[in-house]
Amino acid sequence: MLRVAASRFAPLAPVVGRTMRPLAVRAMATFYTREHEYASIDGDVATCGISDHAQSQLGDVVYASLPDVGDEFKQGDTAASVESVKAASDVYAPLSGTVVEVNGALEDEPGLINDEAQGGGWFFKLKITDEGETKNLLTQDEYEKFVDEEEH
């Protein structure tokens, strides 16, 4: 069977005759909870942590307690915690799933959460078990509006 090289934006199905059709592609998308967690979804894996807004409200983060690989959570379950010079706070699972990776760098450098909350300061990655739960989350625009309303 002949295969056509796939671009990362639109992988192609095997060529049958001369007809090609794009396969379903899920682009990376980020969603938020009203408790200020985020889930950046790429395929069936969500990278989860606290939003930049949340870290700015916490102040200097001094400790993060992370789940173990293999832990399973339902949407809204307490999955981790974070402590700052101001307060301690639970971090909730934005989606249901199984933890497939944790950010071990946070053990030695919890300040990454302040420096790069939605980058190098992520907490854990979940293999999503119910994609339909994204409907319970906020889009970037909805989250920004929510934060604006919350502050006023």
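Modeller: A contact means heavy atoms within 4.5 Å. In this protein, residues 24 or more positions apart account for 56% of the contacts with a separation of 6 or more. The model is predicted: local features need pLDDT of at least 70, side-chain atom pairs count only at pLDDT 80 or more, and totals for chains, interfaces and linings use all residues. Numbering starts from 1 along each chain as its sequence is written, and side-chain values use heavy atoms, with hydrogens and water left out.

The protein has four helices and nine strands (DSSP runs numbered from the N terminus: helices are H or I with at least four residues, strands E with at least two). Along the sequence the order is β-β-β-α-β-β-β-β-β-α-α-β-α. Of its 152 residues, 38% count as buried (under 20% relative accessible area with a 1.4 Å probe, protein chains only).

Now the close look. Start in the loop between β1 (29-32) and β2 (37-42), where H36 lies. Its backbone stands out: phi of H36 is near 80°, a positive value in a residue other than glycine. Most residues other than glycine have a negative phi. H36 is also buried, with a relative accessible area of 11%.

Compare another turn. Strands β6 (residues 78-84) and β7 (residues 88-92) run antiparallel, joined by five bridges (strands pair if DSSP finds at least two bridges between them). They form a hairpin, with three residues between β6 and β7. One of the bridges links E83 to its partner A88 in β7.

Notes:
Buried < 20%, exposed > 50% of the residue type's maximum accessible area, 1.4 Å probe, protein only.
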